[in-house]
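Open the model in a viewer and keep the selection tool at hand. The tour moves from one selection to the next and says what is found at each stop.

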Amino acid sequence: RLDDDVAAVVLRVDSPGGSVFASERIRREVKALQADSKPVVVSMGNVAASGGYWIAMDADEIWAHDTTITGSIGIFALLPTFEKPLAKLGIHTDGVGTTPLAGAFRADRALTPEVSTVIQTQLEQGYKLFTEGVATARELPIEKVQQIARGRVWSGADALALGLVDQIGGFGDAVGA
């Protein structure tokens with residue numbers, strides 16, 4: 001972004017996703033490139049889903065192979081707890097906390113209803129940001145994005161028909177764009 005010799009960026013995305021925080025940081029760098037008048041073209045590899053799609057959604061152009069697994073516009077969390085298996089083994093823990101959330105994320109304790117509500121609220125907010133971001137970036141009605149979201153994955157060919165990608169082709173095609 002800061003190199004004046006760089007006129008545009010081709011970003012290769014080959015990711016099944018991951019952290020919303022990390023994906024959002026990369027997406028913001030894509031936006032910063034564009035704010036500095038540097039077009040960003042995304043070339044999707046075999047998989048560009050969930051966080052991989054989050055990174056790509058604001059690109060000036062998105063290229064995918066017809067078989068690229070893409071979309072997966074959704075967010076989930078998994079917080080395993082082991083209080084029951086530990087109890088079967090006769091392992092118990094105890095302690096004193098100074099706040100209602102003390103020890104809230106310990107794997108040896110079940111999640112409290114309050115913590116579950118906080119996590120669910122965060123997931124719903126993240127999902128809203130994701131779907132609204134796709135609607136804005138891809139110039140699609142939010143209703144359409146909500147219909148094709150919910151974590152569903154699409155082939156690159158289907159993603160093209162749905163408006164999630166712009167072109168079918170490989171990395172060389174994206175560079176030539």
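Select Ser-72 to begin. In this predicted model, Ser-72 has a relative accessible area of 16%, which is under the 20% limit, so the residue counts as buried. Ser-72 sits in the loop that runs between strand S4 (69–71) and helix H3 (83–88). Check its backbone as well: phi of Ser-72 is positive, near 50°, and the residue is not a glycine.

Next, select Glu-139, another non-glycine residue with a positive phi, here about 55°. Glu-139 belongs to the loop between H4 and H5. Is Glu-139 buried or exposed? Its relative accessibility is 73%, so Glu-139 counts as exposed.

**The nonpolar core**

Now turn to the largest nonpolar core, which has 27 residues. Select Met-44, Tyr-53, Ile-62, Val-134 and Leu-164, the residues with the most contacts inside this core. Then colour the elements that each supply at least two of its residues: helices H1 (20–35), H2 (51–56), H4 (113–137), H5 (142–148) and H6 (156–162), together with strands S2 (40–49) and S3 (61–64).

Stay on Tyr-53 and show what surrounds this residue. Which residues does Tyr-53 contact, leaving aside its neighbours within four places in sequence? Among them are Met-44, Ile-62, Val-134 and Leu-164. The list also includes Ala-48, Thr-70, Gly-71, Ile-73, Phe-130 and Arg-138.

**Salt bridges**

Side chains of opposite charge can pair when their charged atoms come close. How many salt bridges does a search of the whole structure find? The search finds nine.

Select Glu-29 and Arg-1 for one of them; their closest N and O atoms are 3.6 Å apart. Glu-29 is in helix H1, while Arg-1 is in the segment before strand S1 (9–15), so this pair ties together parts that are 28 residues apart in sequence. Glu-29 counts as partly exposed, at 43% relative accessibility. Arg-1, at 41%, also counts as partly exposed.

Asp-36 lies in the loop between H1 and S2 and Arg-1 in the segment before S1, so the two parts tied together are 35 residues apart in sequence. The relative accessibility of Asp-36 is 36%, and this residue counts as partly exposed.

Before leaving this area, select Asp-4, which is also in the segment before S1. Asp-4 has a relative accessible area of 74% and is exposed. Draw a line between the C-alpha atoms of Asp-4 and Asp-36: the separation is 10.0 Å, for residues that are 32 apart along the chain.

Now select Asp-58 and Arg-27, whose side chains meet in a salt bridge of 2.8 Å, N to O. This pair links distant parts of the chain, with Asp-58 in the loop between H2 and S3 and Arg-27 in helix H1, 31 residues apart. Asp-58 counts as buried at 14% relative accessibility, and Arg-27 counts as buried at 17%.

Finish at the largest pocket, which has a volume of about 250 Å³. Of its 14 lining residues, select the ones closest to its centre: Gly-18, Ser-50, Gly-74, Ile-75 and Phe-76. The lining of the largest pocket divides into six nonpolar and eight polar residues, with no charged ones.

Conventions. Residues numbered from 1 in each chain as written. Predicted model: local features only at pLDDT ≥ 70, side-chain atom pairs only at ≥ 80, totals over all residues. Heavy atoms only, no water. Core = buried A, V, L, I, M, F, W, Y, C linked by side-chain atoms within 4.5 Å. Buried < 20%, exposed > 50% of the residue type's maximum accessible area, 1.4 Å probe, protein only. Helix = DSSP H or I, 4+ residues; strand = E, 2+ residues; numbered from the N terminus. Contact = heavy atoms within 4.5 Å. Salt bridge = Lys/Arg side-chain N within 4 Å of Asp/Glu carboxyl O. 1 Å grid on protein atoms, 1.4 Å probe; cavity = no way out; pocket = protein on both sides within 12 Å on 5 of 7 lines; lining within 4 Å. Points joined across faces, edges and corners; volume = space filled by probe spheres on them. Nonpolar A, V, L, I, M, F, W, Y, C, P; charged D, E, K, R; others polar.
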